[in-house]
Amino acid sequence: MIKSIPEWSEQEYLLLALPHEKTDWKPYLSEILESYKKFIEAIIPFQKVLLIAPQQEDFKPFSHFKNVEFFKCPTNDTWIRDFGAIEIWQGGKIKALDFTFNAWGNKFESSLDNAVNSKLFKDKLGQDLQKIDLVLEGGSIDFNGKGTMLTSSYCLLNPNRNSHLNKNELEKKLKNLFGLEQILWLENGFIKGDDTDHHIDTLARFIDEETIAFCVCEDEKDEHFKPLSLMKQELEKTSFKLLELPLPKPLFYENQRLGATYANFVFINNALIVPFYSDENDELVKTRLQKALPNREIIGVDARVFLRQNGSLHCSCQNLFKDKK
């Protein structure tokens, strides 16, 4: 029996691929590495972190951290949510699936990132890995663990991913791969500054089996107002409970609006890490999530530097789950 794994399940590691000199982070590498330190500091009291980088010296800023392990491997970029393996339950055991990563529709070079999983699982984790002949990014899908997947039609049905498959064919494949009963395809919603073709982890996420937290825009003059209002109407037609996450005020870098969204939160063991943007809505969102998840510690981490390369906290990590004993 195959089952999808919700992100609040117990984890063995949280994977992160570090920024380095050969990435687009180079102009402000010291700033983003400081942001990664803060992120990792929030994680390690709760669980292990596994850092990936091309050179041993890339690990030096993190060598003093406890609960951190290292794996040397070439990478193009840092967004391991999208090129990291996606795990499922099969026959009561964890199985890792290695999908093709084409950098969000061949927008960037991605051959090194696409090879990370095979090296990691063979040389570090010593686990089996099944190669899947399908383009799929971890940030484009979200599971409740009870047979439902949430995704964005604009992303998954974009011809720059799997142009040989129509919606019915793709849905059938995904249902078989993840043991799904239904897929919720959102037709609306976008976040300016996100170059992934509307990944679901910028828009709407499960926080438990019955509840979806989603972005709302309260400024009628903002370009997000209409698409996010239409997305809300779609979600209201589902059977799930809903929790609104208001957008922060617009953030800019070099005159470009950044893709700030609170939906890019990260589940870790016994806690939830929420991207903060030095905004008045930071604490409001934290309070709402704490009320919805009373048994989890809610932790805010400043994610503003992450946004400069069109991602946030959830985009920068991937979960490896703990096998049931």
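1. A residue is called buried when its relative accessible area is under 20%, exposed when that area is over 50%, and partly exposed in between, with a 1.4 Å probe and protein chains only. Helices (H or I, at least four residues) and strands (E, at least two) are DSSP runs, numbered from the N terminus. The model is a predicted one, in which local features need pLDDT of at least 70 and side-chain atom pairs count only at pLDDT 80 or more, while totals for chains, interfaces and linings use all residues. Residues are numbered from 1 along each chain as its sequence is written, and side-chain values use heavy atoms, with hydrogens and water left out.

2. Two strands are said to pair if DSSP finds at least two bridges between them; strand 19 pairs with strand 2 (residues 11-17) in the antiparallel sense, over five bridges. Within this pairing, Asn319 of strand 19 is the bridge partner of Leu14.

3. Strand 11 (204-208) is also mostly covered, since four of its five residues are buried. Its antiparallel pairing with strand 12 (residues 211-216) runs over four bridges, and a hairpin of two residues joins strand 11 to strand 12. Arg205 stands opposite Ala213, the latter being in strand 12.

4. On a 1 Å grid over the protein atoms alone, a cavity is a set of points where a 1.4 Å probe fits but cannot get out, and lining residues have an atom within 4 Å of a point. Grid points are joined across faces, edges and corners, and a volume is the space filled by probe spheres set on the points. By this rule there are six cavities of 30 Å³ or more, and the largest cavity holds about 190 Å³ of space. It is lined by 18 residues, of which Ile5, Glu7, Arg81, Ile86 and Phe143 are the closest to its centre.

5. Which strands supply at least two residues each to the lining of the largest cavity? They are strand 5 (86-90), strand 8 (141-143), strand 11 and strand 19. By class, the lining of the largest cavity has ten nonpolar, three polar and five charged residues, where Ala, Val, Leu, Ile, Met, Phe, Trp, Tyr, Cys and Pro count as nonpolar, Asp, Glu, Lys and Arg as charged, and the others, Gly among them, as polar.

6. For the helices, the expected span is 1.5 Å times one less than the number of residues. Helix 1 (residues 29-43), with 15 residues, should span 21 Å, and its end C-alpha atoms are 21 Å apart, which agrees. Buried in helix 1 are Leu29, Ile32, Leu33, Ser35, Tyr36, Phe39, Ile40, Ala42 and Ile43.

7. Helix 8 (residues 167-178) has twelve residues and should span 16 Å, in agreement with the 16 Å between its end C-alpha atoms. Its buried residues are Leu170, Glu171, Leu174, Leu177 and Phe178. Seen down the axis of helix 8, these fall within an arc of 130°, so they line one face of the helix; the arc is that of the directions from the helix axis to the C-beta atoms. The face turned away from the buried side of helix 8 carries Asn168, Lys172 and Asn176, which are exposed.

8. In helix 10 (residues 281-292), twelve residues reach 16 Å from the first C-alpha to the last, close to the 16 Å expected. Asn281, Asp282, Val285 and Leu289 are the buried residues of helix 10. They cover an arc of only 110° around the axis, which puts them on the same side of helix 10, whereas Thr287 and Lys291 are exposed on the other side. Val285 has a relative accessibility of 0% and therefore counts as buried.

9. Trp104, in helix 3 (residues 103-106), has a positive phi near 60°, and at 6% relative accessibility Trp104 counts as buried. Asn255, in the loop between strand 14 (252-253) and strand 15 (256-257), has a positive phi near 65°, but at 75% relative accessibility Asn255 counts as exposed.

Terms used: On a 1 Å grid over the protein atoms alone, a cavity is a set of points where a 1.4 Å probe fits but cannot get out, and a pocket is an open set with protein on both sides within 12 Å along at least five of seven lines; lining residues have an atom within 4 Å of a point.
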